[in-house]
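The sequence and structure come before the detail.

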Amino acid sequence: MKKKVGIITIHYVDNLGGILLAYALQESVNRFGYDCFVIDYDPTPLPSHVRHFVNTMVRRVTQLPRYLINFPAYFKLFIGNCGAVLPPRHIHGSSGLRKARFDTFRKRFIKLSEKHFTSKDSLKESPPLFDAYITGSDQVWNPFICKSPEHPTNEYAYFLTFAPQAKRISYAPSISIPQIPEELQVEMAELLQGIPYLSCREKQGADLIEEMTNRVAEVVLDPTLLLNFDEWSRIAIEPQIEEPYILGYFLGDGRGYRDFARKLAENTGCRLVIISRDRRDVYIPGNIDCCEAGPAEFLGLVRNSRCICTDSFHGTIFSINFCRPFYAFERPGSHGVESMASRIYSILEILGLTSRLLMSDSPCPDKPFEIDYSAVQIRLQIELAKSLQYLEEALRQATLG
């Protein structure tokens with residue numbers, strides 16, 4: 001009988017990177033002969049459809065001044081569906097389709113535990129039974145991201161406090177920020193000491209862990225890099241776009257790199273395809289709106305693009321996975337204590353791709369599509385072997401007995 005492994009990660013948010021890395025880690029563990037599940041843990045206090053309604057209305061209220069300044073054109077867009085009980089608009093009218101695509105992906109590809117958990121206390125009172133437990137990847141150790149109402153500092157569940165200590169493994173969790181707030185360091189060090197098999201996703205995170213615990217954490221690849229081109233291609237959905245296109249995948253609100261993407265499309269005779277949270281991107285004449293893309297649609301859009309412009313970590317990662325030319329940009333305001341830029345810096349440095357990281361006001365290059373992926377693949381295979389060796393050995397040790 002196969003031994004069972006449980007993964008705890010942020011699988012419940014409709015975030016492209018989060019759901020795809022959950023799938024990748026699950027599949028990577030299965031390859032080693034285990035039966036892997038994602039622990040159905042969702043500590044958010046509201047059901048997803050209610051959360052969508054609240055988030056949509058809050059977003060509209062906070063963006064109201066911007067639209068009033070550009071009255072009446074933007075104001076009409078702002079009030080478009082405010083009268084609906086559950087407004088179908090996210091930023092452009094496609095949130096319902098986007099959510100449906102995420103739900104479909106979860107049902108098809110994510111194997112959830114039988115029991116649903118809503119708090120760290122419910123996990124401790126009746127923990128899921130596995131032969132090993134993995135926390136990661138994603139920003140599960142970022143105290144500005146993962147915190148619970150009853151404990152607004154570190155979210156204990158993502159440090160596997162509900163699992164037997166000998167069976168705890170971390171695989172590529174991300175701290176992301178450049179420094180742990182001083183008031184959280186002692187608590188976080190204690191939580192980290194309870195994990196025998198310790199790794200993280202960025203060198204900066206490994207340095208912080210060593211400072212706090214005097215332990216060395218293995219730096220391993222994001223789970224999405226554990227699967228290859230063909231494995232991702234099998235679940236990608238082909239986009240219905242016939243002409244060559246530049247893909248803009250933006251999570252922040254920087255205007256400079258949006259101008260870069262538009263200029264790049266103009267210079268190369270391509271259309272500009274947009275996945276963005278900013279509705280201003282959607283209503284630009286000539287753009288193709290693909291903001292409703294789910295995980296499988298996103299994979300297809302990246303694989304078939306001429307070039308990707310992105311401020312997203314996983315936008316960068318999947319560009320590399322599919323050997324596509326790309327430009328990565330640091331989001332505005334990412335230099336402070338909550339900066340998450342180390343995620344992109346780390347992987348680009350490891351793979352020798354730091355030249356693809358640009359400032360938002362950088363000019364378009366003369367040869368935008370040139371990347372020597374043969375050299376990148378050599379580096380990637382070295383890191384892949386190290387990461388898989390760490391994961392296989394940690395699983396073997398944790399499941400003994």
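## Packing of H6 against H7

The model described here is predicted. Two packed helices are described by the angle between their axes and the distance between the axes. For helix H6 (residues 182–193) and helix H7 (residues 203–213), the axes come within 9 Å and cross at roughly 95°. Because angles of 65 to 115 degrees count as roughly perpendicular, H6 is roughly perpendicular to H7.

On the H6 side, the contact is made by Gln185, Met188, Ala189, Leu192 and Gln193. These meet Ile209, Met212 and Thr213 in H7. By class, the residues of this contact divide into five nonpolar and three polar, with no charged residue.

## Overall make-up of the chain

The protein chain has 401 residues, 56% of which count as buried. Its secondary structure comes to 14 helices and 13 strands.

Contacts between residues at least 6 apart in sequence were also sorted by separation along the chain. Of these contacts, 75% join residues at least 24 apart.

## Cavities

How many cavities of 30 Å³ or more does a search of the whole structure find? The search finds two. The largest cavity has a volume of about 70 Å³.

The lining of the largest cavity consists of 13 residues. Those that lie nearest its centre are Arg201, Val220, Leu221, Asp222 and Ile347. Helix H13 (residues 342–350) supplies four lining residues, the largest share. In terms of residue class, the lining of the largest cavity divides into seven nonpolar, five charged and one polar.

Threonine 316 is part of helix H12 (residues 313–321). Its relative accessibility is 0%, so threonine 316 counts as buried, the cut-off being under 20%.

Leaving aside residues up to four places away in sequence, threonine 316 touches Thr310, Phe326, Ala328, Ile344 and Leu348. For tyrosine 327, which is 11 residues from threonine 316 along the chain, the separation between the two C-alpha atoms is 7.8 Å.

## Backbone exceptions

Most residues other than glycine have a negative phi, and most peptide bonds are trans. The cases below depart from one or the other of these patterns.

The peptide bond between glycine 136 and serine 137 is cis, with omega about 0°. Serine 137 belongs to the loop that runs between strand S4 (132–135) and strand S5 (168–170). Leucine 160 is also placed in the loop between S4 and S5. Phi of leucine 160 is positive, near 60°, in a residue other than glycine. Is leucine 160 buried or exposed? With a relative accessible area of 0%, leucine 160 is buried.

Serine 176 is not a glycine, yet has a positive phi of about 75°. The loop between S5 and H6 holds serine 176. Serine 176 counts as buried because its relative accessibility is 2%, against a cut-off of under 20%.

## Points to inspect in the viewer

One is the H6 and H7 contact, where Met188 is among the H6 residues and Met212 among the H7 residues. Another is the largest cavity, with Ile347 among the residues nearest its centre.

Note on methods: Residues numbered from 1 in each chain as written. Predicted model: local features only at pLDDT ≥ 70, side-chain atom pairs only at ≥ 80, totals over all residues. Heavy atoms only, no water. 1 Å grid on protein atoms, 1.4 Å probe; cavity = no way out; pocket = protein on both sides within 12 Å on 5 of 7 lines; lining within 4 Å. Points joined across faces, edges and corners; volume = space filled by probe spheres on them. Helix = DSSP H or I, 4+ residues; strand = E, 2+ residues; numbered from the N terminus. Nonpolar A, V, L, I, M, F, W, Y, C, P; charged D, E, K, R; others polar. Axes fitted to C-alpha atoms, helices over the stretch in contact; angles between N-to-C directions. Parallel < 35°, antiparallel > 145°, perpendicular 65-115°, else oblique. Contact = heavy atoms within 4.5 Å. Buried < 20%, exposed > 50% of the residue type's maximum accessible area, 1.4 Å probe, protein only.
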